[in-house]
Amino acid sequence: MKMRLRYVVPVLFVIVLGSCTSESLDETTAHEAENVFTVEQELLEIVNDYRSSVGAVPLKFSEIAYKYANSHTDYMIEKGSINHDNFSARASSINSEVGVEIVAENVAKDYDTAMEAFNGWYDSNNHKKTMEGDFTHTAVSVKTDPSGNFYYTQLFYKE
């Protein structure tokens, strides 16, 4: 599985996430924002309802994915923009803890509700493909910056 992950993650990263990343091993943040749990839960339900409507298996919540999604959301807040920086490192870290076949992520910013974030992803072919993908687990982190802007990170993986 690790051999497959090494080849799949970079390909998936290029196909699904495009070229909006700059790799760096340092994703530490000085500030950890508080989660907006109600929006997180609602978005997980919306994504799983959508997956069911298109014949895909609903995703199981993963504490491990949640940990890395939270860290990345804090990183984006610190940077002040959405990005997929350090995605390969997140995927490798998840793989080292769970042993996965494939990892993907969707990110968003400035949507005030879970439905708005979902619709933004749904309207993007690459993000929509990720939501419909052959994954088994997920977690979504939703936090706000000091100005009240929402940031979203949803990680997906298949064991």
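In which sense do β1 and strand β3 pair, and over how many bridges?

Reply: This is a predicted model, in which local features need pLDDT of at least 70 and side-chain atom pairs count only at pLDDT 80 or more, while totals for chains, interfaces and linings use all residues. Residues are numbered from 1 along each chain as its sequence is written, and side-chain values use heavy atoms, with hydrogens and water left out.

β1 and strand β3 (residues 137-144) pair in the parallel sense over 2 bridges, where strands are DSSP runs of E of at least two residues and helices are runs of H or I of at least four, numbered from the N terminus, and where two strands pair if DSSP finds at least two bridges between them. Lysine 60 stands opposite histidine 137 in β3.

Helix α3 (residues 63-79) packs on the sheet and touches β1, β2, β3 and β4 (150-158), its direction making about 30° with that of β3; contact here means heavy atoms within 4.5 Å, and angles run from 0 to 180 degrees between N-to-C directions, with axes fitted to C-alpha atoms, for helices over the stretch in contact. Helix α4 (residues 87-98) also packs on the sheet, touching β2 and β4, and its direction makes about 130° with that of β2.

The sheet itself is open, with 4 strands in the order β1-β3-β4-β2 and mixed pairing. β1 (60-61) and β2 (102-109) stand at the edges, each with a single partner strand, so one side of each is left without a neighbour in the sheet.
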